[in-house]
Amino acid sequence: MRGVPSTRKPTASEIAQQTKEMFDNVGLDIPPNEVKSDEQAAELTKHLVSMIQSSSEWDDIIAAETQAMSFINGGALKFDSFKKGIPDLYLGLTYGATNSRSALVKTSCLLISLLARELGSDFDTMGDYITPLSKQLANGTQFIADCAKNTILTISKFCPGRKTFQNILSFCSSKGSQQKLVASMCLNNIMQNWPAESLGTNWPRFYNCLAKFLEDASPFVRQYARKTARSIKTCSKQRSVEFFSRLDSKMKKKILEENDDGVYKPRTQTKQTPVKIVTEDPIEKPQKPPKVIKTQRPPQKQDFSPRREPVERRRVSALAPKAPRSQQERPHSSIPVRSKKPEPPQPVEKQPQDNVLLDDDSEPEITPFEFNKPSQRNFYRLAAGKEMEYVTRIRDVIDRGATSEIINSMKDVSKDLVRCMLCDDSKLCVSSLAAVHDLIQIFPDNFDPHCTTIIHRCLQLCSSSNDPRVVSNAKIILDSVPPLMNCKTIISSCEKENPSLFLLSLILSCISNEKCNPFLTDVVVRTTALSIAVDSCDLSGDRSMELSRQVFKVIFEKCGPSALTEFEAKIYCDKRRLSSFKKICENDTQNILTAVDTSVNEYKSQIPDLTSYKNNFKDWCKAMEDFCNQFDNETWSTITSAFCLSKISDVISTNIQKTDIHPALFLIQRLLSSRGTSSYSSFLYAVMLCKSDEKYRRTCENILSSIEFGVKTIHLLSSLQPLIRESNKIVSNNSIVYQRKVIRSTTALEFKEISSDVVCSLCDIIDFEVDCDRSRRVLCAEALADIALLEGQCFYKETRYISLAQTSKGLVEIAIASRKT
């Protein structure tokens with residue numbers, strides 16, 4: 001029609017180009033709105049968090065996100081209060097970015113991209129945006145898919161960080177064609193924009209992803225993978241050698257002869273005359289017209305003959321006995337080889353079993369298809385004095401991506417690498433930590449028996465090492481352990497560690513993991529985590545207090561107020577820890593202390609006090625029993641049992657030398673029979689203290705028998721470990737003697753879960769207790785002998801027993817020998 005202008009829809013490539021330009025210039029079209037104070041930034045953060053939520057209207061979310069970009073352009077990120085509030089926007093931003101409404105997706109993705117560009121490596125702590133955005137890459141609306149794509153690429157370009165890199169590696173395992181294409185582009189961004197050291201110990205995983213993309217079905221994915229491979233050469237020569245050693249010659253040639261635009265470089269500019277090739281024997285073969293091969297250089301004759309070895313090596317191999325025909329390797333060529341009559345084998349001097357790496361010149365080039373497993377049985381075993389060579393050998397296996405070679409030897413490899421971690425040499429420590437980190441991702445079950453030793457060593461290195469590389473590798477292992485290992489074992493291992501920020505961070509990471517939720521129902525696990533938070537809250541200013549509050553907050557949200565009420569009752573008699581507990585709770589934004597239970601303070605104030613009965617012990621015990629009986633079973637088990645039993649235990653410990661405490665012990669006995677064993681650990685200290693006195697021994701044994709009947713053996717042994725490490729030698733020795741009785745009545749299968757903790761407690765007393773006399777050391781040695789008889793050969797594989805001093809180990813061996821005789 002006339003007068004109607006012709007309208008043309010933009011093509012897909014034009015839409016993609018326009019979207020890319022919009023994300024390249026993100027934030028430039030929004031006028032800045034200056035933020036002048038930290039208080040203003042805090043108020044702004046609260047407003048944005050309240051608006052950018054899934055429950056808000058979509059146009060309100062867009063308005064709030066546009067306002068956020070305006071304030072970011074105005075310098076809001078220089079205020080800590082604004083920066084700390086950004087992680088709270090995660091749920092709202094992911095909701096907007098994964099929505100089906102194009103306008104909302106666009107604004108959300110632009111805000112995420114602006115944050116990524118401005119925050120850089122600090123974006124690592126803001127949350128995983130790559131995983132939810134990856135689902136939008138296959139969206140039927142091209143604009144939405146392009147927004148998600150450009151946001152992911154912006155993050156991969158500007159945000160070097162450990163967590164971001166882990167998210168990208170997980171993204172590389174996607175199966176969709178669009179996801180794989182964007183993932184290959186992310187790897188290219190990493191190589192061209194990130195510093196080489198930001199990959200840390202993750203190079204082998206990077207190599208594996210890149211090698212997979214080099215063989216992908218999509219030509220575009222392969223092209224980006226080749227471009228990334230060339231970028232490794234400019235990034236690090238050593239890393240380039242490591243990666244290209246994995247590839248065959250054909251792939252290497254293809255990578256190096258292509259430029260960054262995907263066009264192959266001409267081999268040479270010189271012109272040569274064509275070469276004619278005809279058949280060599282015109283008599284036996286029919287004549288064919290000559291073939292003219294128009295090449296720019298003469299063809300090389302392809303060599304199908306087996307690779308010739310040096311003369312000296314051939315002489316040695318000629319003396320070796322021939323393997324059976326079924327075990328001989330087939331030649332690489334398909335041309336038949338005439339076999340000669342084998343000569344009879346000659347005697348050969350036996351080679352030593354201690355193996356080391358060969359020099360680079362003595363081995364042929366290794367590719368994933370040409371590598372042959374070593375024939376020696378102890379190739380992956382640690383030899384004395386060869387620690388560095390051993391770790392180098394293991395890391396070579398990891399770098400080649402050939403971990404399947406050591407899968408059958410991982411039990412020995414894990415133990416040997418942990419031994420290398422304990423060495424004082426800095427270089428060896430760095431290499432062994434890197435090897436442990438890489439293998440623990442692939443074979444976590446093999447490192448479970450060494451969990452306690454790994455955590456202890458890493459925490460020790462983080463606190464005391466002067467080498468930044470050692471500290472960095474130890475931190476990385478502590479960060480990666482919680483999702484891979486048993487959370488209960490990790491928390492139990494941390495119980496005897498010195499308070500530190502690294503310990504607090506590990507506990508917080510562990511209890512925040514969803515795998516830990518079933519273990520938080522265990523009172524011992526909760527108590528250990530909360531105890532570490534209380535003991536570490538005053539270490540170094542606000543950071544330690546903030547981490548402690550987060551630990552309390554997680555347990556409060558997962559276990560409810562009763563968990564904190566119970567813990568408060570356990571530390572009720574410890575004034576210092578009780579003060580720290582209140583300090584953590586009262587300053588929290590959720591006011592946990594108030595939320596625990598408003599009636600707790602009333603219960604505490606109603607507990608009878610001995611002084612109000614003029615120190616008449618019998619009358620106080622009667623009043624205490626009446627007070628305990630007024631509560632129903634639920635209130636008793638969740639709130640008041642811990643307070644009441646702690647009070648009774650405290651009174652017993654204080655008055656044991658002054659008066660007859662039989663009434664209090666009888667009271668505990670009656671409460672156990674009528675109320676059960678809830679909060680039994682609250683009075684174990686008092687029972688162990690009284691057990692040494694002959695007149696109280698019978699009653700104490702009856703109390704312990706009631707506990708054994710109502711409590712699982714593993715929980716009882718776990719409760720005894722803090723008492724065994726007590727400074728009061730009477731309590732500690734009685735606990736060791738009682739533990740021996742419990743161990744004799746259990747089975748090896750039941751004891752297996754708590755074995756490492758029990759062995760560590762006893763070995764630490766023998767090795768490290770300064771004022772430990774011989775009788776106490778002998779007592780611990782006899783307890784270890786009981787465990788040896790129960791576990792058999794498994795006992796000698798305990799990591800803590802292996803590292804025991806020789807003199808102490810001699811005491812244990814004497815005790816074991818005396819039992820056997």
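## Glu 118 and Arg 117

Glu 118 and Arg 117 pair up through their side chains in a salt bridge, 3.3 Å from N to O. The term salt bridge here means a side-chain nitrogen of Lys or Arg within 4 Å of a carboxyl oxygen of Asp or Glu. Glu 118 is partly exposed at 41% relative accessibility, and Arg 117 is partly exposed too, at 27%. (Buried is under 20% relative accessible area, exposed is over 50%, and partly exposed falls in between, with a 1.4 Å probe and protein chains only.)

## What the model is

This is a predicted model, where local features need pLDDT of at least 70, side-chain atom pairs count only at pLDDT 80 or more, and totals for chains, interfaces and linings use all residues. Residues are numbered from 1 along each chain as its sequence is written, and side-chain values use heavy atoms, with hydrogens and water left out.

## Bridges across the sequence

Searching the whole structure turns up 15 salt bridges. One of them links Asp 122 to Lys 83 at 3.4 Å, N to O. Asp 122 sits in the loop between α6 (102-119) and α7 (130-134) and Lys 83 in helix α4 (residues 80-85), so this pair ties together parts 39 residues apart in sequence. Helices are DSSP runs (H or I, at least four residues), numbered from the N terminus. Asp 122 is partly exposed at 36%, as is Lys 83 at 27%.

Then there's Arg 670 with Glu 625, whose closest N and O atoms are 3.0 Å apart. Arg 670 belongs to helix α32 (residues 662-675) and Glu 625 to helix α30 (residues 617-629), so the bridge ties together parts 45 residues apart in sequence.

Key
Helices (H or I, at least four residues) and strands (E, at least two) are DSSP runs, numbered from the N terminus.
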